[in-house]
Every structure is written in C-alpha cells, then in structure tokens.
Amino acid sequence: QVQLVESGGGLVQAGGSLSLSCAASGGGRFSINDMGWYRQAPGKQRDLVAVITSGGSTNYEDSVKGRFTISRDNAKKTVSLQMNSLKPEDTAVYYCNAHIARILRGTTSYWGQGTQVTVSS
C-alpha cells in the first residue's frame with residue numbers, strides 16, 4: 001500500500017510564508033503521474049490548489065497564482081508547496097494527492113492525512 005506522508009503547515013501571520021512537503025513511500029514498485037495539493041476549509045468542499053504533472057507542467061487555482069509554487073522531485077517521490085503572501089482565507093486543511101501507477105494495477109489516487117494551515121489576520 002502506498003502512503004503519502006505530509007509535513008509542514010502550522011500557524012503564520014498574514015503576509016507570511018509556509019512550506020508543505022509530501023513524500024510517497026511503500027507499495028513496491030510504482031510511478032507517479034500527477035501530484036497535487038488540495039485544501040478544505042471548515043464547512044466547505046475539498047478544492048484543488050495546485051497540480052504538477054510528471055513532466056513538470058503546473059496549474060494553479062486562481063486565488064493562489066503568483067503566491068504559491070508547486071514543485072516535485074521525481075527521484076525522491078516528493079511534492080512540495082511553497083506558500084507566500086498568505087492570507088486568512090488560505091486557512092484550511094491541506095491534503096497531498098498523487099496518482100500512482102503500477103503494472104497490471106492501473107492508476108490509483110492516494111491522499112495524505114492532511115495538515116492544518118492557519119493564517120491569522
């Protein structure tokens with residue numbers, strides 16, 4: 001079974017920065033297609049924040065463009081999210097997501113456990 005383990009997050013004042021990381025491990029031999037970060041605020045649905053393909057192409061939710069940067073290390077099987085100029089509305093639980101491909105098993109979407117990001121005004 002593949003596991004996604006997140007680190008980072010925490011409490012920061014508005015205008016500050018935080019960095020999130022997520023590492024994939026276990027589950028034997030596999031490759032990773034798209035990796036991304038989602039967030040879920042209390043009482044709201046889980047929404048895409050940023051996604052990066054295995055080739056490095058990126059896409060961002062409009063409200064984070066220019067402030068957040070997603071990156072990945074394919075050799076280390078990690079994805080990171082650098083968050084700058086944070087706003088109170090960025091407060092949410094952030095989840096790592098990865099589309100894992102294994103021979104004869106197709107592609108499966110996996111989720112991290114979530115990490116809290118709180119931005120105070």
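This is a predicted model: local features need pLDDT of at least 70, side-chain atom pairs count only at pLDDT 80 or more; totals for chains, interfaces and linings use all residues.
I started with β3 and β8: they run antiparallel, and six bridges join them. For "strand" I went with DSSP E runs of at least two residues, numbered from the N terminus. Two strands count as a pair if DSSP finds at least two bridges between them. One spot I looked up here: Ser 19 stands opposite Gln 82 in β8.

Residues are numbered from 1 along each chain as its sequence is written, and side-chain values use heavy atoms, leaving out hydrogens and water.

Next, the other partners. β1 and β3 are antiparallel too, joined by six bridges, and Glu 6 sits opposite Cys 22 in β3. β7 pairs with β8 (residues 78–83) in the antiparallel sense, over six bridges. There I found Thr 69 opposite Gln 82 in β8.

Then I put the sheet together. What order do the strands have? I read β1-β3-β8-β7, an open sheet of four strands with antiparallel pairing. β1 (3–8) and β7 (68–73) stand at the edges with a single partner strand each, so one side of each has no neighbour in the sheet. On average, neighbouring strands are turned by 15 degrees against each other, direction ignored (axes are lines fitted to C-alpha atoms, and angles run from 0 to 180 degrees between N-to-C directions).

Last, I checked the two faces of β3 (residues 18–25). Leu 18, Leu 20, Cys 22 and Ala 24 make up the covered face. Ser 19, Ser 21, Ala 23 and Ser 25 are on the uncovered one.

Definitions and conventions:
Buried means under 20% relative accessible area, exposed over 50%, partly exposed in between (1.4 Å probe, protein chains only).
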